[in-house]
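Biologist: I would like to learn how to read a model like this one. Could we take the features in turn, starting with the sheet?

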Amino acid sequence: HNRMFLEPQEKKRSMKALVVKQAKKTCSCTPAKVKEYIFSFFPVLQWLPKYKLREYLLGDIMSGVIVGVLLVPQSIAYSLLAGQEPIYGLYTSFFASIIYFIFGTSRHISVGIFGVICLMVGQVVDREIQRAGYDLEPAVLSGLPDTAAYVNTTISPVNQTLQKLLCDKSCYAITVGATMTFIAGVYQVAMGFFQVGFVSVYLSDSLLSGFVTGASFTILTSQAKYLLGLDIPRSSGIGSLIATWINIFRNIHKTNICDVITSLLCFLLLIPTKELNEHFKSKLKAPIPVELVVIVVATVASHFGKLKETYGSSVAGHIPTGFLPPRPPDWNLIPNVALDAIPIAIIGFAITVSLSEMFAKKHGYSVRANQEMYAIGFCNIIPSFFHCFTTSAALAKTLVKESTGCRTQMSGMVTSLVILLVLLVIAPLFYSLQKCVLAVITIVNLRGALRKFKDLPKMWHLSRVDTVIWLVTMAASALISTEIGLLVGVCFSMLCVIFRTQRPEAPLLGWVAESETYESLSAYKNLQTKPGIVVFRFEAPLYYINKECFKSTLYKQTGVNPVWVKAAKKKAAKRMLREKEVDSDGNQTSISMDFVSEPLGFHTIVIDCCAVQFLDTAGIRTLKEVCKDYREINVQVLLAQCNPSVRSSLIRGEFFREGEDHLLFHSVHQAVDFA
């Protein structure tokens, strides 16, 4: 056996030296570095001067107008989902597009209102409204929803009672929404500052998909009462989906027939047209803006048919024009909503980063995850002072934006101009728009998430573990609550990883003829084994969770448990001594000695450690015990293909006896040759 010598690399500098170097690099201030920092923090300064007017402008204008036209009805509809007045949804979409234009690194994603985020915001808003007693007492003012928005929150304590009287239910709802949006934005900027983008790796694609689908059931349930024209309180907390349906069926006799007929007509128009848009998207230059058509037709029909006065249909009500003066979040509400903002911040950031990376890869450019966290954080912090609620990237609008010719975020500015036109001129015309129409628009936009059920057979075929994660997260998000569902999904996916390392594959290996390759005997035919040598591979890290599994599997695969063999030897030796005392006959002694020295069938075990990423102290101790136990029954254990981390752990753990460090091999073939 020719021993292979590898000279180790020099160790890296100490942690102190690395920290000092990084501190000097971070704290140094030169004009070039200041310029680089400003340009990286405001990406618009990098790409806007290089904007190719003739090449990009037409596509950006076209995509911006189309997304704006689609965003107007969705902003109004999703405001309902977030427990807000329609005007606040338009504000949110307007400011988000402008701020992402300045801070974002993706050229294609559309940042604005996202259904799942709106649902999570709406649940917290409803809870805080109940706590404040607005659902128990009639509003003091029956004026417009924006009446209280003009009240200055920095007034003296003498006038605080007056301020509370002026702030009605809708005013308090946007105060709660804006405060939570501010906190979520602070969390996202903090994640960017501390570079903790790794949080998103715990949200796998299957987990996010299951979460969105589960939340879609909750969204559908929350909108069902508008389809039927029922006036029932919104359920929140654990089991809200079931509680809502129980309330709906209890009040089903109060169904408004006018709202039901309107909902059915809207479904009959929206669903086929949306399907046609998807089926012919390669041939259509732009999708048919069917949502806008439905809203215009429904508003006109409601106004001239006097559906509110005649049939008691619930309508959007007055939507004011212009902008309200900025107002800071309510700092007293922060303790109430700080915890709720954590899952909202993580989901918003994870969806934004995953979408931006997906489209960047597709179009051949790069995005920076930390800058995306800053961008989405500021898309929440700044608008929270202008009566807005939480935003993130949205897949459906991003796909529309990309397919209609978007080249840069200039299209986002065009979208903002379209919404601005609505805010300044058109908004009051939607007074007579029925709420059931907005609910239909919200539900129809859930088709993509609900269609994931069709992909389950394919997902099951690809990965059963991912499918189970999807199902568990979906069920928990729908049946328990969205926040708990997300937590359940993360914990369950982590447990799946742990379980897979707890009971890993551990086959015996055979030799591929005329090569130096060893593969699993259970996976391939026609493999050869060397007489007296067993080759065993453990396909997981060896640590405290799976150490017992390692030992039991090794004993089972080799067919020899050294502890039992030693116990049998001791038992046989004792019996032999007893028999020798009773009868000194040599034949009986000979039989006993033959039993004790019965051959095992092999003299060496080679453990292939190529799949062992790391060892902890329990793992090192387990290997020591295995080697010691087998050595006592005259079987040597050799380790092969250990990575540098495992090698250093073994050396630090004093695994080798003096002079035995040569029993560590760089290949299985080398270890077998030695044996």
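Biologist: In which sense do E5 and E6 pair, and over how many bridges?

Modeller: Some ground rules come before the answer. This is a predicted model, in which local features need pLDDT of at least 70 and side-chain atom pairs count only at pLDDT 80 or more, while totals for chains, interfaces and linings use all residues. Residues are numbered from 1 along each chain as its sequence is written, and side-chain values use heavy atoms, with hydrogens and water left out. Strands of a sheet pair through backbone hydrogen bonds, either parallel or antiparallel. Here two strands count as paired if DSSP finds at least two bridges between them. Helices (H or I, at least four residues) and strands (E, at least two) are DSSP runs, numbered from the N terminus. E5 and E6 pair in the parallel sense, over six bridges. Within that pairing, Arg537 has Asp608 in E6 as its bridge partner, and Phe536 has Ile607 in E6.

Biologist: In what order do the strands of the sheet lie?

Modeller: The order is E4-E3-E5-E6-E7-E8, six strands in an open sheet with mixed pairing. Its edge strands are E4 (518–520) and E8 (664–665), each of which pairs on one side only. E3 and E5 run antiparallel and are joined by two bridges; Leu508 stands opposite Phe536 in E5. E6 and E7 are parallel over five bridges, with Val637 in E7 as the bridge partner of Ile605. The chain gets from E6 to E7 through helix H27 (residues 617–631), and this β-α-β crossover is right-handed. A crossover is called right-handed if, with the strands pointing away from the viewer, the path from the first strand over the helix to the second runs clockwise. E7 (residues 636–640) then pairs with E8 in the parallel sense over two bridges, where Leu639 stands opposite Leu664.

Biologist: Which strands does helix H24 lie across?

Modeller: H24 (residues 547–558) lies across E3 (508–511), E5 (532–537) and E6 (602–608), and runs at about 145 degrees to E5. For such angles, axes are lines fitted to C-alpha atoms, for helices over the stretch in contact, and the angles run from 0 to 180 degrees between N-to-C directions. Contact means heavy atoms within 4.5 Å.

Biologist: How many residues of E6 are buried?

Modeller: Buried means under 20% relative accessible area, exposed means over 50%, and partly exposed is in between (1.4 Å probe, protein chains only). Six of the seven residues of E6 are buried, so E6 is largely enclosed by the rest of the structure. E5 is mostly covered, with six of its six residues buried.

Biologist: Which residues touch the most other members of the largest nonpolar core?

Modeller: A nonpolar core is a set of buried Ala, Val, Leu, Ile, Met, Phe, Trp, Tyr and Cys residues joined through side-chain atoms within 4.5 Å. The largest has 99 residues, and Val121, Phe389 and Val437 touch the most other members. Apart from this core lies another, of 33 residues, including Leu615, Leu623, Ile633 and Leu650. Not counting residues up to four places away in sequence, Val437 touches Thr262, Cys266, Val294 and Ala298.

Biologist: How many disulfides are there?

Modeller: A disulfide is a covalent bond between the sulfur atoms of two cysteines. The rule used is a pair of cysteine sulfur atoms within 2.5 Å, and by this rule the count is zero. For Cys436, the nearest cysteine sulfur is that of Cys266, 6.3 Å away. Cys436 is buried, with a relative accessible area of 1%.

Biologist: Where are Gln641 and Glu654, and what is the phi of Gln641 and of Glu654?

Modeller: Gln641 sits in the loop between E7 and helix H28 (644–652). Although not a glycine, Gln641 has a positive phi of about 60 degrees, and at 31% relative accessibility it counts as partly exposed. Glu654 is in the loop between H28 and E8. Glu654 is not a glycine either, and has a positive phi of about 55 degrees; at 65% relative accessibility, Glu654 counts as exposed.
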